[in-house]
Amino acid sequence: MVRLTKIYTRTGDKGTTRLGDMSVASKHDPRVEAYGTVDEANASIGLAIAALEDGALKDTLLRIQNELFDLGADLCVPDRGQKLEWEPLRVTPQQATRLEADIDAFNAKLSPLESFILPGGSQAAARLHLARTIARRAERRAVELKDLGEPVSEAVIIYLNRLSDFLFVAARVANDEGRADVLWVPGKTR
């Protein structure tokens, strides 16, 4: 368990930070960008949760927030094949599989889509759509990191991909189970 007794350390005052393996990285390092964007997605999910009533969707999102901390910890400690003094936290394929089951369960209650959906509707749905777009950016950052030759777990990328799918379905659920979705009407304002 983490114990924080001091919030500021001054170690970042010169534009660097320490990764979870204690190596030093620039604050604009692609790895820091990747886990920072995961943190941003997590905060946006928190905004959505604040607009939701208690229930299954809120409970699932709270679990996802915890899993995103796990994912950030995974990204923060690059697996370079070196033995560490502790067992780093890693995302598991089962976490993405559970997200797929969540998508299927919530989506089963929704009517099929007849058009694309504009990101809006209720407060909670709009916030979930925002979280979805940030999760997509986090996924792009993780893929970019991997494409740069840096170690990134496949489970991390798969989880982020499923997360944005889940958040899309969650936004529909928050829009009165899809009944309040705002549909795109192609060419409507021509």
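Q: Where is the place of Glu177 in the chain?

A: Glu177 sits in the loop between α5 and β4. Helices (H or I, at least four residues) and strands (E, at least two) are DSSP runs, numbered from the N terminus. This is a predicted model, in which local features need pLDDT of at least 70, side-chain atom pairs count only at pLDDT 80 or more, and totals for chains, interfaces and linings use all residues. Residues are numbered from 1 along each chain as its sequence is written, and side-chain values use heavy atoms, with hydrogens and water left out.

Q: Which elements does the chain have, from the N terminus on?

A: The order is β-β-α-α-α-β-α-α-β, which comes to five helices and four strands. The C-alpha atoms fill a box of roughly 55 × 35 × 35 Å, taken along the principal axes.

Q: What is the phi of Glu177?

A: Glu177 has a positive phi of about 50 degrees, although it is not a glycine. Asp176, also not a glycine, has a positive phi of about 55 degrees. Asp176 lies in the loop between α5 (154-174) and β4 (182-183).

Q: Why does Asp176 count as partly exposed?

A: Buried means under 20% relative accessible area, exposed over 50%, and partly exposed in between (1.4 Å probe, protein chains only). Asp176 counts as partly exposed because its relative accessibility is 43%. Glu177 is partly exposed too, at 31% relative accessibility. Of the 190 residues in the chain, 39% are buried.

Q: Which residues make the nonpolar surface patch?

A: Like charges are joined within 9 Å, and nonpolar side chains (Val, Leu, Ile, Met, Phe, Trp, Tyr) within 5 Å. Accessible areas come from the Shrake-Rupley method with a 1.4 Å probe; for residues, only the protein chains shown count as cover. Here Phe116, Leu118, Val182 and Trp184 make a patch of about 390 Å². Trp184 is found in the segment after β4, and its relative accessible area of 39% makes this residue partly exposed.

Note on methods
Patches are made of residues with over 30% relative accessible area and no salt bridge: like charges are joined within 9 Å, nonpolar side chains (Val, Leu, Ile, Met, Phe, Trp, Tyr) within 5 Å. A salt bridge is a side-chain nitrogen of Lys or Arg within 4 Å of a carboxyl oxygen of Asp or Glu.
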